[in-house]
Amino acid sequence: MNEDRSKKYLNPYLGGTLLGLVLLTAFYFSGRGLGASGAVKSAVVASVEIVAPTHVETTDFYSNYKESHPGGPLKDWLVWEMLGVLVGGFISGAFAGRLKLKVEHSPKITSKVRLIFAAIGGILFGFGSQLGRGCTSGSALSGMAVLSLGGFITMAFIFGTAFALAYIARKLWI
Amino acid sequence: MGPLVVYEIISANTNLVMAFIIGIGFGFVLESSGFSSSRKLAGQFYGYDSTVLKVFFTAAVVAMLGLLFFSLFGWIDLSLIYINPTFLYSAMVGGAVMGVGFILGGFCPGTAFCALSIGKLDALSFIGGLVIGVLLFTEAFPLVEELFYAENMGTPTINEFLNMSRGTFGLILILIALGMFFVAEWAEKKFPREEY
């Protein structure tokens, strides 16, 4: 089993080292860490502005965001980084022969149940990442690398809560 | 001396090109490590797969040590690196809400985009959820504003908080990581399963 595994995926300690170097590169060039949820936020604000421009103008949250991000999503570091993630993930998947349209789920649940819970999980993660000022990448991983106290707290609460609820959610995964 | 964009060694537009290249590296490493599989990610919480913990903590330690050495060599000015601010209550509540999202959805935002790139449709559903969740937050902001700004502690680092030097805390973090890797290797042998 171990042999198959090493062919399939990178050794996790090697993967972690490479990820650490990618993160270090971001700090060295751009003075900031990696992120993900911020790119979604940039796209959401831009979309709201297209659909309801007056709403954006009259709502404090949006006008403040626009003031601090004057270039819009096309000038947003995280948006470009996430576009890169799509390309990088695709290249790796292509090399490893993993490109395939599918819904991955435990044999105990149907694809439909999996899709519904994925959406619920996404809603919670999206909301939580805004409240926590960043997700696993931006707040927990990058925060820990710069030794931010908040980064360690967020990391502990993400993983702690997931561990605490694992038993209840076990049917979804095992 | 870095960060290069702050010292204007690279322009704002070059910085965006770098963001794209760094993103490619980020996505490639996540996918190669198996982070495009929700069942592999969720395995972390059942003891049968500790890839998340190993990759995550190895990366944090490598980047932390890299920053420390770059700073000692005079290659980077740590005072110009973005340090995530600490708002105690929103970090805790936000983290807990993300934890629920993680165990139900099986992804975090970065891994969901990575999984979408190789065709995982559950990741697409998760990203749809992310958009709704972010929109709920931006629309409901006045309701959570008080919590969002409560207990503003500034930008403390954990070593300042514990009254230690950066290097001492770094060493402790490495020892903690090694201890967790040891437990993780043990758990994976105890709860074996096939690869997803």
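Where does B:Leu80 lie in chain B? Let's start with the ground rules, then come to that.

1. **Ground rules.** This is a predicted model, where local features need pLDDT of at least 70, side-chain atom pairs count only at pLDDT 80 or more, and totals for chains, interfaces and linings use all residues. Residues are numbered from 1 along each chain as its sequence is written, chains are lettered from A and ligands numbered from 1 in the order in which they are written, and side-chain values use heavy atoms, with hydrogens and water left out.

2. **B:Leu80.** Here is the reply to the opening question: B:Leu80 sits in the loop between α3 (51-72) and α4 (88-105) of chain B. Helices here are DSSP runs (H or I, at least four residues), strands are runs of E (at least two), and both are numbered from the N terminus. With a relative accessible area of 34%, B:Leu80 is partly exposed; buried means under 20%, exposed over 50%, and partly exposed in between, using a 1.4 Å probe and protein chains only. Leaving out residues up to four places away in sequence, B:Leu80 touches A:Gly31, B:Pro3, B:Val6 and B:Tyr7, where contact means heavy atoms within 4.5 Å. B:Leu80 and B:Arg166 are 86 residues apart in sequence and 16 Å apart in space, C-alpha to C-alpha.

3. **Chain B overall.** Chain B has nine helices and zero strands. Its C-alpha atoms fill a box of roughly 45 × 45 × 35 Å along the principal axes. Of its 196 residues, 59% are buried. Take the contacts in chain B between residues at least 6 apart in sequence: 63% of them join residues at least 24 apart.

4. B:Pro3, one of the residues touching B:Leu80, belongs to the segment before α1 (12-32). A cis peptide bond joins B:Gly2 and B:Pro3, with omega about 0°. B:Glu8 is also placed in the segment before α1, and its phi is near 60°, a positive value in a residue other than glycine. B:Glu8 is exposed, at a relative accessible area of 70%.

5. **Another positive phi.** B:Asn163 lies in the loop between α8 (158-161) and α9 of chain B. Phi of B:Asn163 is near 60°, positive although the residue is not glycine. B:Asn163 counts as exposed, at 72% relative accessibility.

6. **α3 and α9 of chain B.** How do these two helices run relative to each other, roughly parallel or roughly antiparallel? Their axes come within 10 Å and cross at roughly 160°, with α9 covering residues 166-190. That makes α3(B) roughly antiparallel to α9(B). Axes are lines fitted to C-alpha atoms, for helices over the stretch in contact, and angles run from 0 to 180 degrees between N-to-C directions. Angles under 35 degrees count as roughly parallel, over 145 as roughly antiparallel, 65 to 115 as roughly perpendicular and the rest as oblique. The residues in this contact include B:Phe57, B:Val61 and B:Leu65 of α3(B) and B:Leu173, B:Ala177 and B:Phe181 of α9(B).

7. **α3 and α6 of chain A.** The axes of α3 (residues 37-51) and α6 (residues 77-96) of chain A come within 8 Å and cross at roughly 115°. That makes α3(A) roughly perpendicular to α6(A). A:Gly38, A:Ala39 and A:Ser42 of α3(A) make the contact with A:Leu78, A:Val79 and A:Met82 of α6(A). A:Ser37 is also found in α3 of chain A and is buried, with a relative accessible area of 6%. Setting aside residues up to four places away in sequence, A:Ser37 touches A:Ser129, A:Gln130, A:Gly134, A:Cys135 and B:Pro109.

8. **α8 of chain A.** Here 10 of the 10 residues of α8 (residues 136-145) are buried, so this helix is largely enclosed by the rest of the structure. A:Leu147 follows α8(A) and has a positive phi, near 60°.

9. **B:Asp122.** This residue lies in α6 (residues 121-139) of chain B. B:Asp122 is buried, at a relative accessible area of 0%. Apart from neighbours within four places in sequence, its contacts include A:Lys102, A:Glu104, A:Arg114 and B:Phe107.
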